[in-house]
Amino acid sequence: MPEKLDYVTTLSPEMIEKAEKELGEDEHRRTESVLALREWVKKQPHLRAMPLDAKFLLRYLRGCKYSMEKTKTKLDLTLTLRSALPEFFSGWDPLSAENQAALSHGGTLPLPGHDHLGRKVVLIRPGVFDPAKIKIENIQRASFMVWDIMSDEDEQMFVTGMLLLFDFSDYGMNHFTAMPLSMIKKLMPCWEEASPLRPKSMNYIHTPSIFNLINNLINTVMKDNKMKQRLRVHGEDRESLYKEISKDVLPKEYGGDNMSLAELTNYWKKKCEDRRDFLIGQSQMKSDEAKRPGRPKTTDELFGIEGSFRKLNVD
């Protein structure tokens with residue numbers, strides 16, 4: 001008999017059926033694929049810090065529609081980038097003063113529940129902090145911490161996908177200049193190439209006068225042409241927004257029925273504090289580049305910027 005996985009689904013019968021239809025997932029394929037990934041990891045000396053539980057590996061399998069090679073590439077790159085970017089992926093104690101301050105701003109707020117199509121909605125507020133008072137690296141680190149908790153707790157979004165809502169309220173030139181191009185080039189592969197999540201659309205509201213600058217920069221660094229076609233600029237038009245994201249999932253401030261921004265900020269700050277051990281553990285999930293087979297891979301290859309990093313080698 002085939003080995004059984006340490007996996008109990010949290011998906012509804014409807015979502016299980018959706019995974020079967022859209023991802024080709026069934027119990028046999030799920031088991032076979034997870035076991036194959038575990039065997040692969042055992043042969044990768046630099047990836048010994050990778051979690052091997054089925055729940056974690058299934059995120060990547062579903063995000064790659066069960067393509068084994070794509071899954072291996074994303075997993076390897078996830079750990080590689082976490083080693084290469086300590087400014088974002090180290091120091092994940094949510095009780096540290098830096099992280100407390102960043103989490104208090106509520107820059108990244110996954111919204112409770114799902115929209116009418118079962119998708120997760122994540123609200124991102126790039127103008128909510130003062131760049132003169134808090135480092136943008138700290139804001140980004142807090143964002144990644146929130147993403148990891150959401151990913152651990154919301155299995156459904158790896159089947160249905162998600163929507164991103166960017167609220168540019170209070171965003172000014174000081175925010176734009178606080179994030180240099182070199183930092184954007186470091187962040188982009190984390191989302192475009194390593195993440196198992198693919199946004200169904202990216203929605204922009206309360207766009208400032210400098211939005212053309214922002215949009216041009218995004219289009220310059222974004223490699224995924226499919227995602228470029230999924231950008232939606234709503235500005236101040238709420239009815240346009242509601243056509244893309246149903247009102248029931250939106251916060252009160254946006255005319256929706258969900259929690260307020262203050263409640264959401266407190267919720268995610270406390271969630272990070274309550275899951276402190278998990279977050280500290282996640283910050284250890286990095287590749288050991290000293291043990292990576294193959295030739296060195298430069299930072300220029302990883303991010304398009306100068307520096308050096310070891311070779312990424314995926315069989």
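Colleague: What volume does the second largest cavity have?

Modeller: About 280 Å³. A cavity here is a set of points on a 1 Å grid over the protein atoms alone, where a 1.4 Å probe fits but cannot get out. Volume is the space filled by probe spheres set on the points, joined across faces, edges and corners.

Colleague: Which residues are closest to its centre?

Modeller: Tyr60, Arg82, Asp148, Ser195 and Pro196, out of 20 lining residues. Lining means an atom within 4 Å of a point.

Colleague: What's the model's origin, and what are the ground rules?

Modeller: It is predicted: local features need pLDDT of at least 70, side-chain atom pairs count only at 80 or more, and totals for chains, interfaces and linings use all residues. Numbering runs from 1 along each chain as its sequence is written, and side-chain values use heavy atoms, without hydrogens and water.

Colleague: Back to that lining. Which element gives the largest share?

Modeller: α7, with four residues. Helices are DSSP runs of H or I, at least four residues, and strands are E runs of at least two, numbered from the N terminus.

Colleague: What lies nearest the centre of the largest?

Modeller: Gln140, Phe166, Met179, Met188 and Trp191, among 37 lining residues. Elements supplying at least two residues each include α7 (136-153), β3 (162-167) and α10 (181-194).

Colleague: How does that lining split by class?

Modeller: 27 nonpolar, six polar and four charged. Nonpolar covers Ala, Val, Leu, Ile, Met, Phe, Trp, Tyr, Cys and Pro; charged is Asp, Glu, Lys and Arg; the others, Gly among them, are polar.

Conventions: 1 Å grid on protein atoms, 1.4 Å probe; cavity = no way out; pocket = protein on both sides within 12 Å on 5 of 7 lines; lining within 4 Å.
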